Amino acid sequence: MATSCDLTDLSISNPNLCSQIEWATAMSLLWQYAEVSGNPRWKGLAWGLLPCFGSAMCACTWHFFYNAPEMEYLVALQVRASESSCMQIAICTGYGQL
């Protein structure tokens with residue numbers, strides 16, 4: 001038995017919405033930890049997560065508009081945002097910045 005799925009359901013479904021909530025929460029917690037610990041470099045890591053949040057926003061926007069072909073650029077933007085964030089996080093954590 002086949003079920004129909006409205007593609008806009010993907011934009012507010014668990015994977016995409018939870019991803020946005022998780023990134024926003026992680027950034028907020030890192031920012032608070034920077035203030036509590038007195039080490040402002042944790043704020044740099046929070047900034048490094050910002051493209052991940054943008055990546056999740058790209059996915060939700062594309063799905064919200066029914067994966068419209070004219071909005072396929074959002075897929076490339078999502079990939080670039082994820083790559084950028086991964087590099088920023090690697091630099092922050094891999095080189096003893098924290």
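What follows is a short chat about a predicted model of one protein chain.

User: What secondary structure does the chain have?

Analyst: The model is a predicted one. Its chain has four helices and zero strands, in the order α-α-α-α along the sequence.

User: How much of the chain is buried?

Analyst: Of the 98 residues, 29% are buried. The accessible surface is about 6,500 Å², and carbon and sulfur atoms account for 66% of that surface.

User: What share of the contacts join residues at least 24 apart?

Analyst: The figure is 61%, counted among contacts between residues at least 6 apart in sequence.

User: Let's pick a residue. Where is Ala34, and is it buried or exposed?

Analyst: Ala34 sits in helix α2, which covers residues 14–37. Ala34 counts as buried because its relative accessibility is 3%, and the cut-off for buried is under 20%.

User: Which residues is Ala34 in contact with?

Analyst: With neighbours within four places in sequence left aside, Ala34 contacts Asn39, Pro40, Trp42 and Lys43.

User: Switching to Trp47. Buried or exposed?

Analyst: Trp47 is exposed, because its relative accessible area is 53% and exposed means over 50%. Trp47 belongs to helix α3, residues 41–64.

User: And what does Trp47 touch?

Analyst: Trp31 and Gln88, if residues up to four places away in sequence are not counted. Trp47 and Ser85 are 38 residues apart in sequence, and their C-alpha atoms are 8.9 Å apart.

User: How does the span of α3 compare with what it should be?

Analyst: The two agree. At 1.5 Å a residue, the 24 residues of α3 should span 34 Å, and the end C-alpha atoms are 36 Å apart.

User: What comes just after α3?

Analyst: Tyr66 is found there, with a positive phi of about 60 degrees.

User: Now the cysteines. How many disulfides are there?

Analyst: The count is zero. Cys60, for one, is in no disulfide, and the nearest cysteine sulfur to its own is that of Cys58, 9.6 Å away. Cys60 counts as buried, at 9% relative accessibility.

User: Is Cys86 buried or exposed?

Analyst: Cys86 is exposed, with a relative accessibility of 52%.

Terms used:
Residues are numbered from 1 along each chain as its sequence is written. This is a predicted model: local features need pLDDT of at least 70, side-chain atom pairs count only at pLDDT 80 or more; totals for chains, interfaces and linings use all residues. Side-chain values use heavy atoms; hydrogens and water are left out. Helices (H or I, at least four residues) and strands (E, at least two) are DSSP runs, numbered from the N terminus. Buried means under 20% relative accessible area, exposed over 50%, partly exposed in between (1.4 Å probe, protein chains only). Contact means heavy atoms within 4.5 Å. Accessible areas come from the Shrake-Rupley method with a 1.4 Å probe; for residues, only the protein chains shown count as cover. The expected span of a helix is 1.5 Å times one less than its number of residues. A disulfide is a pair of cysteine sulfur atoms within 2.5 Å.
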